[in-house]
Amino acid sequence: MSLTTDGRAPGPVRFFLACDRSGCEELIMFDMVIADPPPDREKDLFGYLLHEATHAAPHIKELGWIFIEGGEGYWCPKCATPASRRPPTDPAG
Ligand SMILES: [Zn+2]
């Protein structure tokens, strides 16, 4: 999955999110301040590794990106919306 981070909690973390749909090159970046430290690495490895991603998940959803179950990763709003439901393309845009 194409969510990568620069920095670790607790503190400011920069996220880079790339669309995983083949042929799409959408890439966004956002910053979050995560106050909670991650769980102990020895006791909860997945919790430790996914700590930042877990905090970012609601924000990613708000941006319109969706997480595709089954290993495909993240899709940008364009790819997540079926063509038939997309608003007509603005010719000026
Ligand atoms: Zn996309």
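A: Here is a short tour, from the overall layout to single residues.

A: This is a predicted model, where local features need pLDDT of at least 70, side-chain atom pairs count only at pLDDT 80 or more, and totals for chains, interfaces and linings use all residues. Residues are numbered from 1 along each chain as its sequence is written.

Q: How many helices and strands are there?
A: The chain has three helices and five strands. Helices (H or I, at least four residues) and strands (E, at least two) are DSSP runs, numbered from the N terminus.

Q: What pattern do they follow along the sequence?
A: The pattern reads β-β-β-α-α-β-β-α.

Q: OK, the sheet. What is the strand order?
A: The order is β1-β2-β3, in an open sheet of three strands with antiparallel pairing. Two strands pair if DSSP finds at least two bridges between them.

Q: Why is one side of β1 and of β3 left without a neighbour in the sheet?
A: β1 (3-6) and β3 (27-34) are at the edges, and each has a single partner strand, so one side of each has no neighbour there. From one strand to the next, the twist averages 25 degrees.

Q: How many bridges join β1 to β2?
A: Four bridges join β1 to β2, which covers residues 11-18. Asp6 has Arg14 as its bridge partner in β2. Thr5 stands opposite Phe15.

Q: How many bridges do β2 and β3 pair over?
A: They pair over eight bridges, in the antiparallel sense. Phe15 stands opposite Phe30 in β3.

Q: Which helix packs on the sheet?
A: Helix α2, residues 51-62, packs there and touches β1, β2 and β3. Its direction makes about 120 degrees with that of β3. Axes are lines fitted to C-alpha atoms, for helices over the stretch in contact, and angles run from 0 to 180 degrees between N-to-C directions. Two residues are in contact if their C-beta atoms, placed from the backbone, lie within 7 Å.

Q: New topic: where is Gly73?
A: Gly73 lies in strand β5, residues 73-75. Gly73 and Cys19 are 54 residues apart in sequence, with 7.8 Å from C-alpha to C-alpha.

Q: Why does Gly73 count as partly exposed?
A: Gly73 has 15 other C-beta atoms within 10 Å. A residue is buried if 20 or more other C-beta atoms lie within 10 Å of its own, exposed if 12 or fewer, and partly exposed in between, with C-beta atoms placed from the backbone.

Q: What share of the chain is buried?
A: Of its 93 residues, 11% count as buried.
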